[in-house]
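Please read the following note alongside the model. The points are meant to be checked one by one against the coordinates.

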Amino acid sequence: LWFCMYGCVGMVAWRFEQRLRTAEVDLRALEDGDVLARWGRVSNLEGYRSLPATMAAGGMAPAAIRSLPGVRAYRSSCTDNIAGNDDCPICLEGLQEGESVRELTACQHVFHRS
């Protein structure tokens, strides 16, 4: 009985470790100069608790994330100011001229690419 319980616990621990390593590989594939400058090295996860539930369950592949449309350099304009896009709605920092941003085509919301 104890042998089976240790085996089950070992299998669960192995699965958590696999999910953690997979998430680290995916995050490492997304790290570029912009991500490192804004967030630091995000691919070094401390342990299972630092693994977001959505990443543990799966999600978009790094190649799919990189291929999302709408990436451009930020330019402050009248339309951006009217829409209230001077601040990134994700990190709440101000958008600077020339920064790499992503724009949602349906609503024209703008946020940092990374």
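1. Met5 belongs to helix H1, which spans residues 2-30; helices here are DSSP runs of H or I with at least four residues, strands are runs of E with at least two, and both are numbered from the N terminus.

2. On provenance, this is a predicted model, in which local features need pLDDT of at least 70 and side-chain atom pairs count only at pLDDT 80 or more, whereas totals for chains, interfaces and linings use all residues. Residues are numbered from 1 along each chain as its sequence is written, and side-chain values use heavy atoms, with hydrogens and water left out.

3. Met5 also takes part in a nonpolar surface patch with Leu1, Trp2 and Tyr6, and together these residues have about 580 Å² of accessible area. Patches are built from residues with over 30% relative accessible area and no salt bridge, joining like charges within 9 Å and nonpolar side chains (Val, Leu, Ile, Met, Phe, Trp, Tyr) within 5 Å; a salt bridge would be a side-chain nitrogen of Lys or Arg within 4 Å of a carboxyl oxygen of Asp or Glu. Accessible areas come from the Shrake-Rupley method with a 1.4 Å probe, and for residues only the protein chains shown count as cover.

4. The structure holds one aromatic pair. Its members are Trp2 and Tyr6, whose ring centres are 6.3 Å apart and whose planes stand at 35°, so the pair is tilted; the criterion is that rings of Phe, Tyr and Trp (its six-membered ring) have centres within 6.5 Å, with planes under 30 degrees apart called stacked, over 60 edge-to-face, and the rest tilted. Because Trp2 and Tyr6 are four residues apart in helix H1, about one helical turn separates them. Trp2 is exposed at 59% relative accessibility, and Tyr6 is exposed at 60%.

5. The chain averages a pLDDT (the predictor's confidence in each residue, from 0 to 100) of 80, and 85% of the residues score at least 70. By element, the mean is highest in H1, at 88, and lowest in helix H5 (residues 78-83), at 50. Over residues 80-85 pLDDT stays under 50, and for this stretch the model has twelve contacts beyond four places in sequence, a contact being heavy atoms within 4.5 Å. Where pLDDT is low, the predicted coordinates should not be read in detail.

6. Leu92, which is not a glycine, has a positive phi of about 65°; Leu92 lies in the loop between H5 and E2 and is exposed, at 66% relative accessibility. Gln108 likewise has a positive phi, near 65°, and sits in the loop between E2 and strand E3 (110-112), where Gln108 is partly exposed at 40% relative accessibility.

7. Ser100 lies in strand E2 (residues 100-103) and is partly exposed, at 22% relative accessibility. Beyond its neighbours within four places in sequence, Ser100 contacts Asp34, Val71, Arg72, His112 and Arg113.

Conventions. Buried means under 20% relative accessible area, exposed over 50%, partly exposed in between (1.4 Å probe, protein chains only).
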